[in-house]
Amino acid sequence: MNKHFHIFCCFLLSLCLSCTNSGIDVPVIAGGDVVVVGGGPAGVSAAYAAAREGAQVVLIERDGYLGGLWTGGLVLPLNASRALEKDGQARQSCTGIMGEMVSRLEGMDMIYPNEGRSGPVPDPEATKYMLQCMLEEVGVQVIYYALACDIVKKRDSIKAVIIETKGGRLAVTGKQFIDCTGDGDVFAWAGEDFDLRKYHIGAMYRVGGVPEEMKLGTRTPISGVRVMNIRSEDDQNGLDVLNNSRLQNLIRKRIWEETQDLKKKEGGENIYLLDTPAKLGIRMTRVLKGQYCLTLDDSMKWTEFPDCIGLAGRDATIEYNGTKYKWSERPIWQIPYRSLLPVKTANLLVAGRCCCFDEGLTWDAREVGTCIVTGQAAGTAAALCARENTSPGKLQVDSLRSVLRERGVRLEF
Ligand SMILES: Cc1cc2nc3c(=O)[nH]c(=O)nc-3n(C[C@H](O)[C@H](O)[C@H](O)COP(=O)(O)OP(=O)(O)OC[C@H]3O[C@@H](n4cnc5c(N)ncnc54)[C@H](O)[C@@H]3O)c2cc1C
């Protein structure tokens with residue numbers, strides 16, 4: 001690999017006025033068969049899956065830990081793995097990498113089963129540790145404290161991701177790229193079309209010292225520790241940095257004040273604020289307009305896809321065609337491979353909360369469990385493409401499905 005990858009700043013830094021007229025070198029610090037951008041649930045799953053298939057994998061993460069909103073945002077309950085099955089029973093079904101993560105956390109005694117409620121709840125620190133161990137085991141190179149800020153694209157292919165670090169701008173090259181930023185940063189730079197969805201921005205936080213019998217928040221594996229959910233303002237643009245800063249201040253204050261109020265409740269004298277989230281609760285931003293838009297309709301009608309790469313379940317109650325459905329009345333649904341495929345970029349896959357699904361399915365498609373499922377499929381596909389020297393759009397879907405099946409992913413109802 002070249003020591004330096006010559007990139008012209010007028011291309012890289014088209015928005016930076018001071019650098020538009022001369023060439024600069026951006027040193028290449030790493031390269032791989034597969035480059036994953038974002039180390040949330042989707043990104044870790046993608047990187048792990050790709051490395052297990054023999055790919056050399058680099059994962060770029062802007063923070064200093066893995067898990068994204070799952071750990072850093074304290075959005076702990078794994079509730080998207082529950083749904084109605086064809087036999088008429090509502091069940092939890094964690095297969096593939098999600099099943100492996102749940103088993104590992106069970107082995108550490110760090111996941112609260114939460115049966116019949118909102119799905120199993122892991123401990124965030126145990127989860128960060130577990131995710132790090134998984135990537136170390138398969139040899140993924142993780143680059144922390146690296147904000148991806150641009151790409152180098154030639155014709156229809158990405159050549160490198162540019163990262164902003166304390167040591168300056170650097171490049172990471174690769175054959176296949178996976179956008180797991182949650183916000184679709186990479187596909188936006190690549191010129192893909194997208195929807196910008198505005199949701200309520202909130203936050204989760206944890207309190208300790210809660211008496212066993214007290215009804216408060218969601219239980220966690222650590223006795224006396226509960227996770228709490230703050231709903232803030234609706235219809236917020238999660239890409240607006242000034243508004244996010246305003247909400248960050250507002251929410252931190254509210255968390256502190258709510259905790260002081262909890263202390264005044266009967267039995268709440270010993271309650272204390274354990275932690276605020278490292279990440280603001282931005283639910284949705286960009287959603288890819290990909291090769292297939294998975295719809296709420298598909299999910300309610302047991303739609304079968306020949307290119308199904310995994311199944312997902314439900315979180316909330318919804319109203320569908322005038323009827324209210326609880327999670328236990330809503331079918332398990334299939335995810336087609338085409339929902340992970342952009343239209344204009346040959347060597348890019350998208351996984352997690354920014355892959356292609358319609359507004360109606362947003363609540364379910366963005367759940368941690370679903371993100372792990374799409375991550376596993378994207379990582380596996382990218383590794384096969386790198387090995388076979390092909391592109392995600394040309395990959396034989398049957399070969400992808402057979403690897404996923406061998407890896408324990410459920411593909412049929
Ligand atoms: C308040 C709230 C409550 C929720 N509650 C639940 C719940 O109870 N159960 C549930 O299953 N889901 C819940 N969710 C949804 C779920 O947490 C997310 O949708 C899920 O974590 C998305 O996973 P992801 O990997 O796609 O993205 P993220 O979790 O957002 O991870 C993206 C990762 O990419 C990194 N990144 C982003 N941009 C860049 C960049 N340019 N360069 C480098 N790194 C980058 C981020 O730091 C992060 O680590 C909740 C969400 C919110 C906001």
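You're looking at a predicted model, where local features need pLDDT of at least 70, side-chain atom pairs count only at pLDDT 80 or more, and totals for chains, interfaces and linings use all residues. Residues are numbered from 1 along each chain as its sequence is written, and side-chain values use heavy atoms, with hydrogens and water left out.

Now colour the domains. Select 4-197 + 285-406 for domain 1 and 203-275 for domain 2; these bounds come from an automatic or database domain assignment. Their C-alpha centres are 28 Å apart.

Next, pick Asp123 and Arg206. Their side chains form a salt bridge, 3.3 Å from N to O. The rule (a side-chain nitrogen of Lys or Arg within 4 Å of a carboxyl oxygen of Asp or Glu) finds one salt bridge across this interface.

Last stop: Thr380, in helix α10 (residues 368-388). Helices are DSSP runs (H or I, at least four residues), numbered from the N terminus. Is Thr380 buried or exposed? Thr380 counts as buried because its relative accessibility is 2%, and the cut-off for buried is under 20% relative accessible area (1.4 Å probe, protein chains only). Show what surrounds Thr380: leaving aside neighbours within four places in sequence, it touches Ala49, Ala50, Glu53, Leu400, Val403 and Leu404.

Key:
Helices (H or I, at least four residues) and strands (E, at least two) are DSSP runs, numbered from the N terminus. Buried means under 20% relative accessible area, exposed over 50%, partly exposed in between (1.4 Å probe, protein chains only). Contact means heavy atoms within 4.5 Å.
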